[in-house]
Amino acid sequence: MKDYKNVKVPRKYRSDGNRVTVKRVTAARSSPKRRAGFGGALVKGLAAAVIVLGSYLGWAAYQSLVRAEVFQIAGVDVRGVRQISEGEIKDMAAGFTGQNIFRVDLHEAARRARAHPWVKDVRIERRLPNRISMVFTERSPAAVLETGTGRFLVDDEGVVVGKAAREGARPSSLSLASLPLVKVKNCPVRAGDRVDNEGVAEALALLAELAACRGWRLEEVTVNANTPESLSLLYAGREFKIGRGNYAEKLRRLGEIMADVKRRGITFAYVDLRPERQAAVMVKR
């Protein structure tokens with residue numbers, strides 16, 4: 001039996017049994033980025049198409065609404081009017097006639113209405129399908145202002161609402177006899193504007209304090225308001241020199257003085273309340 005233990009094998013036939021040979025094979029396949037890019041473009045294209053279609057349908061619906069006769073304004077409902085004439089109301093509402101209720105400019109209509117001297121505020125709303133609602137807040141006259149060139153009505157903010165004998169006003173809607181009179185010289189005024197005069201502003205503040213005190217018949221009150229410092233009050237045939245500011249305290253002091261004068265039976269020409277500490281009473285002899 002032959003022993004192959006010591007047989008030598010030539011080098012070219014030898015192989016290393018412990019070495020593993022690995023061969024790398026690359027298989028061709030599609031790129032994930034390329035597939036994702038195609039899908040994203042498709043989604044974007046569909047989204048754009050949906051947006052375009054939605055915009056077109058919205059535009060078509062809008063055109064249908066603005067052309068529909070059911071939404072053409074058929075009338076205007078007005079509330080809160082006492083001093084504004086019917087003709088003036090018709091002029092304010094004329095811009096609504098025949099307009100589409102969705103296209104009419106309510107802000108512009110409100111701006112035009114507020115330009116009227118009697119209008120303090122106005123609220124304009126749509127009432128579907130075809131009506132407009134206008135709710136007015138009118139100014140309330142607080143006094144008759146006499147400037148030497150005429151008499152005008154002013155509210156508590158000093159806004160001139162018109163002449164005291166305004167043409168077209170409803171005769172029974174406002175009693176001028178119930179209003180106090182404020183006199184001032186060299187004071188130009190215009191309807192719708194605030195009176196630019198310090199004396200008038202102080203006179204209105206005094207009248208507001210008189211109204212709060214009660215007991216005063218405002219229709220019998222006349223305030224001379226040429227300057228704030230010379231502000232004086234004529235009432236019941238007597239003169240009370242008030243001056244500027246601190247009206248509540250001055251009227252309180254006046255009440256004490258009048259009670260004392262009545263108790264003593266004194267007849268006086270005027271009372272000067274302008275001194276801060278002590279009032280002056282001009283006694284008639």
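Trainee: Why is C187 called buried?

Mentor: Its relative accessibility is 6%. Buried means under 20% relative accessible area, exposed over 50%, partly exposed in between (1.4 Å probe, protein chains only). So C187 counts as buried. This is a predicted model: local features need pLDDT of at least 70, side-chain atom pairs pLDDT 80 or more, while totals for chains, interfaces and linings use all residues. Side-chain values use heavy atoms, without hydrogens and water, and residues are numbered from 1 along each chain as its sequence is written.

Trainee: What makes C213 partly exposed?

Mentor: Its relative accessible area is 38%.

Trainee: How many disulfides does a search of the whole structure find?

Mentor: The search finds 0. A disulfide needs a pair of cysteine sulfur atoms within 2.5 Å.

Trainee: What makes the contact between R244 and E229 a salt bridge?

Mentor: The N to O distance is 3.0 Å. The rule asks for a side-chain nitrogen of Lys or Arg within 4 Å of a carboxyl oxygen of Asp or Glu. So the pair qualifies.

Trainee: Which parts does this pair tie together?

Mentor: R244 lies in the loop between strand 10 (238-241) and helix 5, and E229 in the loop between strand 8 (222-224) and strand 9. These parts are 15 residues apart in sequence. Helices (H or I, at least four residues) and strands (E, at least two) are DSSP runs, numbered from the N terminus.

Trainee: Why are R244 and E229 called partly exposed?

Mentor: R244 has a relative accessible area of 37%, and E229 is at 45%. Both values fall between the cut-offs, so both residues are partly exposed.
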